[in-house]
Amino acid sequence: MAEIAASSWSLDENDYRRILEHMNALLQESSARCALLVDRAGQLLANAGEQISFDPTAFASLTAADFSANDQLAKMIGEPEFASLFHQGEKESMYLADVARRVILVVLFDQRTTVGMVRLKVKQTVIELAKVFDEMFKRAPAPGADRKGVLEGAEDEIDKLFGA
Amino acid sequence: MSMINYASREINCKLVYYGPGLGGKTTNLEHVYQKVSPDARGKMVSLATETERTLFFDFLPVDLGTIRGFKTRFHLYTVPGQVYYNASRKLILKGVDGVVFVADSQIERMEANIESMQNLYDNMAQYGYDLTKIPFLIQYNKRDLPNAAPIKDLQAALNPGWPVEDPAKQKELPDPYHAGERLIQLVDDQWVERVPYLESVAITGEGVFDTLKAVAKLVLKTLS
């Protein structure tokens with residue numbers, strides 16, 4: 001049956017704290033610089049580690065596009081997906097890993113560590129994050145269900161903001 | 001897939017501008033970028049060819065205000081309009097919350113509009129999304145050109161409507177953007193629903209914000 005649209009989902013303070021804990025643990029164990037978590041639609045969910053000097057929102061949208069494009073390339077060569085991607089730079093590199101087919105974990109690292117170490121540590125973090133996201137999505141209402149939203153009863157406010 | 005972030009008090013939604021090549025999708029985003037205060041928008045990203053044709057997408061995040069203490073952040077995307085970029089065009093629709101179809105009003109672009117609209121329905125269906133149920137509107141662009149087709153012809157070709165099966169919805173619904181017109185009405189004993197449409201001249205900015213506000217409002221209402 002066709003879905004009405006992609007259903008909405010929410011991230012509460014407790015989810016956010018748990019996600020950050022896992023990301024910070026990963027950074028500490030892998031000596032990577034920073035980590036970002038991006039959903040498949042390109043929205044930035046969280047970032048941890050060193051302060052980043054680029055625009056994180058633009059980075060998130062490009063990450064999702066990169067991952068989606070590679071997913072299609074995987075299918076073309078007969079693979080169901082590429083669960084992880086590695087982009088190697090001269091000084092800075094990035095490692096991207098799928099989490100529960102819902103979000104993408106991006107880790108930026110430099111010569112202080114190695115791709116092998118990052119890959120090893122990311123593997124464990126992906127398992128931990130997948131548990132958090134499975135719980136979050138289970139909590140989200142099923143598509144087509146009565147989705148009483150966060151803005152329930154706010155029609156007047158919406159009209160006021162955008163003109164009736 | 002709208003994402004409600006209670007930790008940062010933000011509602012994030014994804015809007016996609018779809019339509020035939022050279023119809024004005026990127027121009028819509030460029031106008032929004034130029035007119036919105038820098039505090040309320042992020043960086044605009046364009047993945048384009050050397051001749052400034054969209055290769056993958058344009059992206060622009062904008063804040064459209066606060067409701068119930070939540071910042072409403074809209075991520076605006078365009079798709080490449082050219083027919084042969086369908087593989088990348090389809091990717092952009094993933095997780096979309098609202099769609100604007102930017103039609104090129106010029107008579108000679110009618111076929112291209114129809115082909116692109118069909119392609120939109122096909123790509124949405126492949127994700128399992130039902131375009132008759134999600135926030136969707138049509139922007140008839142380039143209304144200033146002498147060879148612009150009459151709205152009536154464009155509506156007949158691109159927005160003929162679909163039958164309303166739900167008895168609860170079988171009643172006249174006024175079109176909020178055009179006095180005297182209706183979004184749901186009886187046509188030859190059959191209740192028919194059409195999507196809202198707006199007219200624009202994106203290059204001068206006319207109708208650009210009206211379109212953005214209209215689709216943003218439809219998206220937020222799905223959360224209310």
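Student: In strand 1 of chain B, which residue is the bridge partner of A:Trp9?

Tutor: The model is predicted, and in it strand 1 of chain A pairs with strand 1 of chain B, residues 3-5. Within strand 1 of chain B, the bridge partner of A:Trp9 is B:Met3.

Student: Which element of chain A gives the largest share of the side that touches chain B?

Tutor: The contact takes 39 residues from chain A and 41 residues from chain B. On the side of chain A, two or more residues come from each of strand 1, helix 1, helix 2 (56-76) and helix 4 (155-162). The largest share, 8 residues, belongs to helix 2 of chain A.

Student: How many charged residues does the side of chain A that touches chain B have?

Tutor: By class, this side of chain A has 18 nonpolar and 12 polar residues. The charged residues of the side of chain A that touches chain B number 9.

Student: In what order do the elements of chain A run from the N terminus?

Tutor: Chain A has 4 helices and 6 strands. Of its 164 residues, 36% count as buried. From the N terminus on, the order is β-α-β-β-α-β-β-β-α-α.

Student: What span does helix 3 of chain A reach from its first C-alpha to its last?

Tutor: Helix 3 of chain A covers residues 115-139, a total of 25 residues. At 1.5 Å a residue, 36 Å is expected. The span in the model is close to that value, at 35 Å.

Student: Against which elements of chain A do the buried residues of helix 3 pack?

Tutor: The buried residues of helix 3 of chain A include A:Val118, A:Val122, A:Leu129 and A:Phe133. A:Lys121 and A:Thr125 are also buried in this helix. The buried residues of helix 3 pack against strand 1 (9-11), helix 1 (13-30), strand 5 (93-99) and strand 6 (103-109) of chain A.

Student: Over which residues of chain A does the pLDDT stay under 50 while the model has 20 contacts beyond four places in sequence?

Tutor: Chain A averages a pLDDT of 87, and 88% of the residues score at least 70. Over residues 143-147 of chain A the pLDDT is below 50, and that stretch has 8 contacts beyond near neighbours in sequence. The stretch with 20 such contacts beyond four places in sequence, also under 50, is residues 1-6 of chain A.

Student: How far apart do the C-alpha centres of domain 1 and domain 2 of chain B lie?

Tutor: Chain B is divided into domain 1 (3-159 + 195-221) and domain 2 (161-194). Between them, 6 residues of domain 1 are in contact with 6 residues of domain 2. The side of domain 1 that touches domain 2 has 4 nonpolar, 2 polar and no charged residues. The C-alpha centres of the two domains lie apart by 24 Å.

Student: Which strands stand at the edges of the open sheet of 4 strands in chain B?

Tutor: This sheet has the order 8-11-10-9, with antiparallel pairing.

Student: Which residue of strand 11 of chain B does B:Val187 stand opposite?

Tutor: Strand 10 (residues 182-187) and strand 11 (residues 190-193) of chain B run antiparallel and are joined by 4 bridges. In strand 11, the residue opposite B:Val187 is B:Gln190.

Methods: Residues numbered from 1 in each chain as written. Chains lettered and ligands numbered in written order. Predicted model: local features only at pLDDT ≥ 70, side-chain atom pairs only at ≥ 80, totals over all residues. pLDDT = per-residue confidence, 0-100. Contact = placed C-beta atoms within 7 Å. Domains from an automatic or database assignment. Nonpolar A, V, L, I, M, F, W, Y, C, P; charged D, E, K, R; others polar. Expected span 1.5 Å × (residues − 1). Buried ≥ 20, exposed ≤ 12 C-beta atoms within 10 Å, placed from the backbone. Pairing = 2+ DSSP bridges.
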